[in-house]
Amino acid sequence: MNATTLPDVEQARFNMVEQQIRPWNVLDTKVLDVLFAVRREQYVPIALRALAFSDLEIPLQINGVDTCETMLAPKLEARFAQDLQLQPTDCVLEIGTGSGYQAALLAHLARQVTSVEIDSRLAAFAQQNLQRNGVNNVKVEIGDGSRSWGSTEYDAILVTGSVPTVPDALKYQLRVGGRMIVVTGEAPIMTAWRITRTTAASFETEGLFETVIKPLRGPSVSHFKF
């Protein structure tokens, strides 16, 4: 690809991949192709689209309202997509939909994505983005998936916010051979892990890299006392 002849938006996308994402060891050609195919700017709130290809988290402000959630940095979204080791026949569970961009990346690499979002405003925003961009194999559901979601087993699970520890119930939603990517710990030290279910009762855990991301939102807890 000749970067000198690209229009401005495509030049910015090219620079994002070459300057941010490749240096973060994202080298899988299938994932790199998807990063060019999925138009990240279409998942960013309109007022912030100038930041679509920047190496930072983008606030998810919907109709002027700050949801207190963000899109992850592009290099992290790309690493998650690569490290799940997806196959075209895989069914994926994503906990935390956000803008829908990560789900769109996964949907281009797998057969079906079920994405669970606790904030109904974000769920609607993501659904609109996915529909507008012709992504038809993502099902957005509203609810708290921080512990588990239903009883279906999946080939891959991605948790897009950090958690103190990995819930056992979520691990057991992996099929044998299935992989989960999850970030645990507390700032400033967090670790991204790949957990693979090796048998019905055993798991293999591999540390991938250190990072810091916002905690996964769970149900609100009232601290009011009588």
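Predicted model: local features only at pLDDT ≥ 70, side-chain atom pairs only at ≥ 80, totals over all residues.
Q: Where does serine 115 sit, in a helix or a strand?
A: Serine 115 is in strand β4, which covers residues 112-117.

Q: And is serine 115 buried or exposed?
A: Serine 115 is buried, because its relative accessible area is 0% and the cut-off for buried is under 20%.

Q: Back to the neighbours. Which side chain does the side chain of serine 115 make a polar contact with?
A: With the side chain of glutamate 94, at 2.5 Å. Glu94 is also one of the residues in the list of those that serine 115 touches.

Q: New topic: asparagine 129. Which element is it in?
A: Asparagine 129 is in helix α5, residues 120-132.

Q: Does asparagine 129 count as buried or exposed, and what is its relative accessibility?
A: Asparagine 129 counts as buried, because its relative accessibility is 2% and buried means under 20%.

Q: What does asparagine 129 touch, again not counting residues up to four places away?
A: Asparagine 129 touches Gln42, Tyr43 and Ser99.

Q: Which side chain makes a polar contact with the side chain of asparagine 129?
A: The side chain of arginine 132 does, at 2.8 Å.

Q: OK, zooming out. How many helices and strands does the chain have?
A: The chain has 6 helices and 9 strands.

Q: What radius of gyration does the chain have, and what would a compact globule have?
A: The chain has 17 Å. A compact globule of 226 residues would have a value near 17 Å, so the two agree.

Q: What does the C-alpha trace span?
A: About 60 × 45 × 35 Å along its principal axes.

Q: What share of the residues is buried?
A: Buried residues make up 51% of the 226 in the chain.

Q: And the accessible surface, what does that come to?
A: About 11000 Å², and 53% of that belongs to carbon and sulfur atoms.

Q: How many positive and negative side chains are there?
A: There are 21 positive and 25 negative side chains. The centres of the two sets lie 3 Å apart.

Q: Last one. Of the contacts with a separation of 6 or more, what share comes from residues 24 or more positions apart?
A: Those residues account for 53% of such contacts in the chain.

Terms used: Residues numbered from 1 in each chain as written. Heavy atoms only, no water. Helix = DSSP H or I, 4+ residues; strand = E, 2+ residues; numbered from the N terminus. Rg over C-alpha atoms; globule rule 2.2 N^0.38 Å. Buried < 20%, exposed > 50% of the residue type's maximum accessible area, 1.4 Å probe, protein only. Contact = heavy atoms within 4.5 Å. Areas by Shrake-Rupley, 256 points an atom, 1.4 Å probe, with all protein chains shown as cover. Lys, Arg positive; Asp, Glu negative; His and termini not counted. Charge placed at Lys NZ, Arg CZ, Asp CG, Glu CD. Polar contact = N/O pair within 3.5 Å; in protein donor to acceptor, adjacent residues only side chain to side chain.
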